[in-house]
Amino acid sequence: MSGGDGHGREGLRLLAVHAHPDDETITMGGLLAQCSDRGIATSVICCTDGRVATIFDPEYAADEATIRPRLKEIREAELRSACAILGVDELHFLEYGDSGMPGSDTNGLPGSFWKADVDEAVRRVVAHIRRFRPHVVVTYDGNGGYGHPDHIQAHRVTLLAVEAAYHALYPELGDGWRVSKLYYTAFPLSEARRAAEIARQAGLKPPFGDTDPEALAFVTPDERVTTVIDCRDQLLRKREALRAHRSQLSDDFALLSVPEDLLREHFFTEHFQLVVSRVTTSLPETDVFAGL
Ligand SMILES: [Zn+2]
């Protein structure tokens, strides 16, 4: 815990709602570690167990018959390790199954988050919001960042829960709590372009293959990005937390393969879109707690 009362030295709290183990670190591992450094309490909700995911670690992939049945446990353990490295105060699993992309044979399996009763899923997140009372909530945009059904569902459920948490709905879950700021994670198009150009100049493998950055599903138009966080002091912890997600991120994952000096020089920021604010802040921001 980061503070004596468990709610952080500054009394501020951040809740992140993510679809799978690893999303928290890839999209906002630096911010989570920075909150820990500042004594700001953090809670991560992971909606699914990630058991149908592609296995990227070469050793695990070669032994898929043994690993696949244990993948839920493996990914939970990976997420626990990553959260410990980032100094996350609490981690909760909503215990839904995950889904493959639309069109795949694992899309919409029974028990999956994508097929879940939305009211029940919202209820579970409202319970966490009313208990943890976050000032800031972070999730994905309406495309789930890159179109994955579990991410889209995380977006939908989180938005509904943030609103429901301070209304009269679900009275059995305790007193209402009004979240002050709601953010979406973001990866600006300009950053994708810059990464491709820096890799080209350094003679490294293109970080996004042959795809034109503009055509990448996971980029955000720059005009939507409101908030840039300088995570220089948290970079190495973020990288260590990425490595903890061994089943998902092999050594050629862009943020793991880029040499440390290039990482420090060029890739030390994380980006967010402020979509709801009930406090006064001026944009662009450099702190998700600005105005609180
Ligand atoms: Zn994901």
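Me: What makes E5 and strand E7 (residues 269-277) paired strands in this predicted model?
Reply: Two strands pair if at least two bridges are found between them. E5 and E7 are joined by 6 bridges, and they run antiparallel. One of the residue pairs is Thr185 with its bridge partner in E7, Phe272.

Me: Why is strand E5 (residues 181-186) called mostly covered?
Reply: A residue is buried if 20 or more other C-beta atoms lie within 10 Å of its own. In E5, 6 of its 6 residues are buried. Lys181, Tyr183 and Thr185 point one way, while Leu182, Tyr184 and Ala186 point the other way, and all are buried.

Me: How do you know that strand E4 (residues 136-139) pairs with E5?
Reply: The cut-off is at least two bridges. E4 and E5 have 4 bridges and run parallel. Val137 has Leu182 in E5 as its bridge partner.

Me: Which helix lies on the path from E4 to E5, and what is the hand of the crossover?
Reply: The chain goes from E4 through helix H6 (residues 149-164) to E5. This β-α-β crossover is right-handed.

Me: What is the order of the strands in the sheet?
Reply: The order is E3-E2-E1-E4-E5-E7-E6. These 7 strands form an open sheet with mixed pairing. Strand E3 (90-96) and strand E6 (227-230) stand at the edges, because each has a single partner strand. One side of each is therefore left without a neighbour in the sheet. From one strand to the next, the twist averages 25 degrees.

Me: Why is E2 described as largely enclosed by the rest of the structure?
Reply: The count decides: 8 of the 8 residues of E2 are buried, so the strand is largely enclosed.

Me: Which strands does E2 pair with, and in what sense?
Reply: E1 and E2 pair in the parallel sense over 6 bridges. Leu14 has Thr42 in E2 as its bridge partner. Strand E2 (residues 41-48) is also joined to E3 by 5 bridges, again running parallel. Ile45 has His92 in E3 as its bridge partner, and Thr48 stands opposite Tyr96 in E3.

Me: What makes up the right-handed β-α-β unit that holds E1 and E2?
Reply: E1, helix H1 (residues 23-38) and E2 make up that unit.

Me: Which strands does H4 lie across, and at what angle to E3?
Reply: H4 lies across E2 and E3 and runs at about 160 degrees to E3. Helix H5 (residues 118-132) packs on the sheet too, touching strand E1 (13-18), E2 and E3. The direction of H5 makes about 165 degrees with that of E1.

Me: Why is H4 called roughly antiparallel to H8?
Reply: Angles over 145 degrees count as roughly antiparallel. The axes of helix H4 (residues 71-86) and helix H8 (residues 235-244) cross at roughly 170 degrees and come within 8 Å. That makes H4 roughly antiparallel to H8.

Me: Which residues meet where H4 contacts H8?
Reply: Glu78, Ser81, Ala82, Ile85 and Leu86 in H4 meet Arg237, Glu240, Ala241 and Ala244 in H8. They divide into 5 nonpolar, 1 polar and 3 charged.

Me: Why is Ala202 called partly exposed?
Reply: Buried needs 20 or more neighbours, and exposed needs 12 or fewer. Ala202 has 13 C-beta neighbours inside 10 Å, so it counts as partly exposed. Ala202 is found in helix H7 (residues 189-202). Ala202 and Leu262 are 60 residues apart in sequence, yet 9.1 Å apart in space, C-alpha to C-alpha.

Definitions and conventions:
Residues numbered from 1 in each chain as written. Predicted model: local features only at pLDDT ≥ 70, side-chain atom pairs only at ≥ 80, totals over all residues. Axes fitted to C-alpha atoms, helices over the stretch in contact; angles between N-to-C directions. Helix = DSSP H or I, 4+ residues; strand = E, 2+ residues; numbered from the N terminus. Parallel < 35°, antiparallel > 145°, perpendicular 65-115°, else oblique. Contact = placed C-beta atoms within 7 Å. Nonpolar A, V, L, I, M, F, W, Y, C, P; charged D, E, K, R; others polar. Right-handed = clockwise from strand over helix to strand, strands pointing away.
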